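Here is a short tour to follow with the viewer open.

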Amino acid sequence: MLTDRRRGRSGDLFPPAPDFHWAYFFDIDGTLAEIAAHPASARIERAVRDLIQRLYVETGGAVAIITGRSIGDADNLVGIPSIPIAGQHGLERRTAAGELVMHDFDREEFNSVCSELALQVSADKGIVTELKGASIALHYRGSPRAETLVTSLVEAAKAKLGAEYTTLQGKMVVELKPAGKDKGVAVSEFLSEAPFNGRVPLFAGDDITDEFGFKVVNAARGHSIKVGGGTTCARWRLRTVAEVRDWLANGLEKR
């Protein structure tokens, strides 16, 4: 398990150079884009987008985005038509064949609880409520003192909904969603399908929720990359979004 060491297990500064025979999975915020004060303010640099586009083409489509954002939101950010995406932590997934797979749950009950939750925090302008269709996220980056309140309100909402729902803690955010899907499940589902199946997987992410993906990739003897600080089960580490860009750029330049 890596802590905040600068080097990966092999002693190299960066993870192994990208290989076009691998299958690639990338988180967005904190990995391909800097974390913004408001989710709508996030942007992916043109250079990063171009690198992902090239990787997508050269691997024959074996590149997928694994994010907490909705597919529509991720599409707007990534800007690569038809790229496979697992949105809302795998609750919705667009396959390489273009099929949209949705997790089934009681939307009417969930939407009612989410509306009540949004109303409860509406007085604090530092809390950003993100309603994503199959999940809700409360971002408190603009109001750090509200962490305890936000966490308790989300947990109370989960208790109303029951065991079929779960909460997720992230960087200055707490989410409520149906249980049964996470980023690890999404990676596994992609790996069972063409063009991902039979390839060595690589997953890069920065947050606690990405640990689910790291575990799946590690079990498949692939490459897991933690972006930023903190204890992780990932096998490699890059410190910043800029280092992700440089790792991709340097590796692809040699191909």
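What volume does the largest cavity have? The answer comes under the second heading, after a word on the model.

## About the model

This is a predicted model, in which local features need pLDDT of at least 70, side-chain atom pairs count only at pLDDT 80 or more, and totals for chains, interfaces and linings use all residues. Residues are numbered from 1 along each chain as its sequence is written, and side-chain values use heavy atoms, leaving out hydrogens and water.

## The cavity

The largest cavity has a volume of about 410 Å³, and the count comes to 1 cavity of 30 Å³ or more. A cavity here is a set of points, on a 1 Å grid over the protein atoms alone, where a 1.4 Å probe fits but cannot get out; lining residues have an atom within 4 Å of a point. Points are joined across faces, edges and corners, and the volume is the space filled by probe spheres set on them.

The lining has 27 residues, and Asp29, His139, Val173, Glu175 and Asp207 lie nearest the centre. By type, 7 are nonpolar, 8 polar and 12 charged; Ala, Val, Leu, Ile, Met, Phe, Trp, Tyr, Cys and Pro count as nonpolar, Asp, Glu, Lys and Arg as charged, and the others, Gly among them, as polar. Strands β8 (165-170) and β9 (173-178) each supply at least two lining residues, with the largest share, 3 residues, coming from β8. Strands (E, at least two residues) and helices (H or I, at least four) are DSSP runs, numbered from the N terminus.

## Helix α6

Which residues of α6 (211-219) are buried? They are Glu211, Gly213, Phe214, Val217 and Asn218, where buried means under 20% relative accessible area, exposed over 50%, and partly exposed in between (1.4 Å probe, protein chains only). Because these residues cover an arc of only 150° around the axis, they sit on the same side of α6; the arc is that of the directions from the helix axis to the C-beta atoms.

Lys215 and Ala219 are exposed on the other side of α6. The buried residues pack against α5, β10 and β11 (223-227), with contact meaning heavy atoms within 4.5 Å.

## Backbone points to check

Most residues other than glycine have a negative phi, and most peptide bonds are trans. In the loop between β3 (85-87) and β4 (92-94), Gln88 has a positive phi near 50°. His89, found in that loop too, has a positive phi of about 60°. Gln88 is buried at 2% relative accessible area, and His89 is buried at 3%.

Arg221, which follows α6, also has a positive phi, near 60°. Finally, a cis peptide bond joins Ala194 and Pro195, with omega about 5°; Pro195 lies in the loop between α5 (183-191) and β10 (201-205).

Technical notes:
1 Å grid on protein atoms, 1.4 Å probe; cavity = no way out; pocket = protein on both sides within 12 Å on 5 of 7 lines; lining within 4 Å.
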